[in-house]
Amino acid sequence: MVTISCSKCRNVPELPEVETVVRSIARIVGRRIVSAEFTCARILRGDPDQMSAMLAGRRIRAIRRRGKFIVIELDAGHCLVVHLGMTGKLLLGGTPGRHTHAIVNLDRGVLRYEDPRQFGKIEVSRGLPARVEKLGPEPLEITLAEFAARLKGRKARIKSVLLDQHFVGGVGNIYADEALFRAGIHPLAIGARLRLERVKRLHHAIVEVLTQAIEKGGSSISDYVDAEGRRGFFQFEHRVYQRTGEPCVNCGAPIRRTLVAQRGTHYCAKCQRR
DNA sequence: ATCGGTACCTGCACGC
DNA sequence: TGCGTGCAGGTACCGA
């Protein structure tokens with residue numbers, strides 16, 4: 001039996017989900033921001049009135065993703081930067097609800113931010129914010145040589161390293177588990193000690209799993225939808241994540257769960273070696 | 001610089 | 001039925 005939903009363990013927007021959102025709002029490029037309202041201080045970096053003033057009248061020049069950040073480029077080098085946190089949604093149109101914390105009125109349409117858990121962040125900046133600048137390389141762009149070189153100095157467990165946004169930007173809990181399974185590497189293995197052959201498999205697995213997930217529109221366990229409210233389908237391809245106790249797709253051994261870096265970590269003890 | 005731990009927050013399933 | 005409790009995990013931040 002395949003578990004496709006578990007409300008206890010809702011998914012989180014990682015690179016493929018953020019990429020899907022970015023693509024789904026791409027059509028607002030060229031539109032102008034008329035006004036913006038922010039109603040929840042917790043999710044803001046900056047003063048709401050000042051942010052509104054910086055946005056009003058600006059035209060949207062481009063929308064792109066950097067790690068798990070959504071970067072909406074405006075004229076004069078200004079950026080509207082959104083991080084979805086755990087439960088954030090960026091939606092086009094629709095009716096504002098209890099968890100709507102930001103409304104950006106465009107010359108045509110409305111961009112709306114919702115976030116029940118308020119772990120997301122919105123900011124307006126000149127150029128890229130420092131925390132976005134400091135992100136590690138994009139996992140879909142980093143070369144094997146650079147990936148291996150960066151891993152050399154890391155004495156932490158490989159799962160922790162993958163979750164570190166300064167190592168690569170965009171991998172989160174789901175895709176770290178899935179990539180490690182596909183590479184046959186135990187999540188507790190020490191990053192720097194991995195032989196080149198295994199590093200190569202990991203690099204390949206990360207690219208493969210992220211690319212496939214983007215093709216499927218991301219993973220939807222419970223919360224995640226794109227700007228149109230569409231769910232993704234990659235959850236059907238999960239081989240270890242949230243499959244605790246179920247048989248490994250390779251060997252039939254039960255999938256195990258442990259904690260690494262305080263995060264639920266799913267793996268096959270038989271197929272993934274330290 | 002790197003590492004491990006903690007705080008933040010809400011909605012749920014669960015058990016009594 | 002109803003309420004308290006535990007759990008999920010993004011980033012930021014802390015001390016070592």
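Which base atom of DNA strand C does a polar side-chain atom of Arg-263 lie 2.9 Å from? I will come to that in a moment, after a word on how the model was handled. This is a predicted model, in which local features need pLDDT of at least 70 and side-chain atom pairs count only at pLDDT 80 or more, whereas totals for chains, interfaces and linings use all residues. Residues are numbered from 1 along each chain as its sequence is written, chains are lettered from A and ligands numbered from 1 in the order in which they are written, and side-chain values use heavy atoms, with hydrogens and water left out.

Let me begin with the DNA. The atom in question is a base nitrogen of DNA strand C, and the polar side-chain atom of Arg-263 lies 2.9 Å from this nitrogen, where a polar contact is a pair of N or O atoms within 3.5 Å; within protein, one must be able to donate a hydrogen and the other to accept it, and residues adjacent in sequence count only if both atoms are side-chain atoms. In total 14 residues surround DNA strand C, and the closest are Met-86, Phe-119, Asn-173, Arg-257 and Arg-263, a residue being near if one of its heavy atoms lies within 4 Å. By class, this surface has 4 nonpolar, 4 polar and 6 charged residues, with Ala, Val, Leu, Ile, Met, Phe, Trp, Tyr, Cys and Pro counted as nonpolar, Asp, Glu, Lys and Arg as charged, and the others, Gly among them, as polar.

Now to the sheets. An open sheet of 5 strands runs in the order 2-9-5-4-3, with mixed pairing; strands here are DSSP runs (E, at least two residues), as helices are (H or I, at least four), numbered from the N terminus, and two strands pair if DSSP finds at least two bridges between them. Strand 2 (44-45) and strand 3 (60-66) are at the edges with a single partner strand each, so one side of each is left without a neighbour in the sheet. Inside this sheet, strand 5 (residues 78-83) pairs with strand 9 (residues 121-126) in the antiparallel sense over 6 bridges, and Val-81 has Glu-123 of strand 9 as its bridge partner.

The other open sheet has 4 strands in the order 1-7-8-6, and its pairing is antiparallel. Here strand 7 (residues 100-106) and strand 8 (residues 110-114) are joined by 5 bridges, and Ala-102 stands opposite Tyr-113 in strand 8.

Finally, the helices. Helix 7 (residues 196-215) packs with helix 1 (residues 15-24) at an angle of about 35 degrees, their axes 9 Å apart, where axes are lines fitted to C-alpha atoms, for helices over the stretch in contact, and angles run from 0 to 180 degrees between N-to-C directions. Leu-15, Pro-16, Glu-19, Thr-20 and Arg-23 of helix 1 make this contact with Leu-210, Ala-213 and Ile-214 of helix 7, contact meaning heavy atoms within 4.5 Å. Helix 4 (residues 144-152) packs with helix 7 at about 120 degrees, with the axes 10 Å apart. In that pairing, Leu-144, Phe-147, Ala-148 and Leu-151 of helix 4 meet Leu-196, Val-199, Lys-200, Leu-202, His-203 and Ile-206 of helix 7, and these residues divide into 8 nonpolar, 1 polar and 1 charged.
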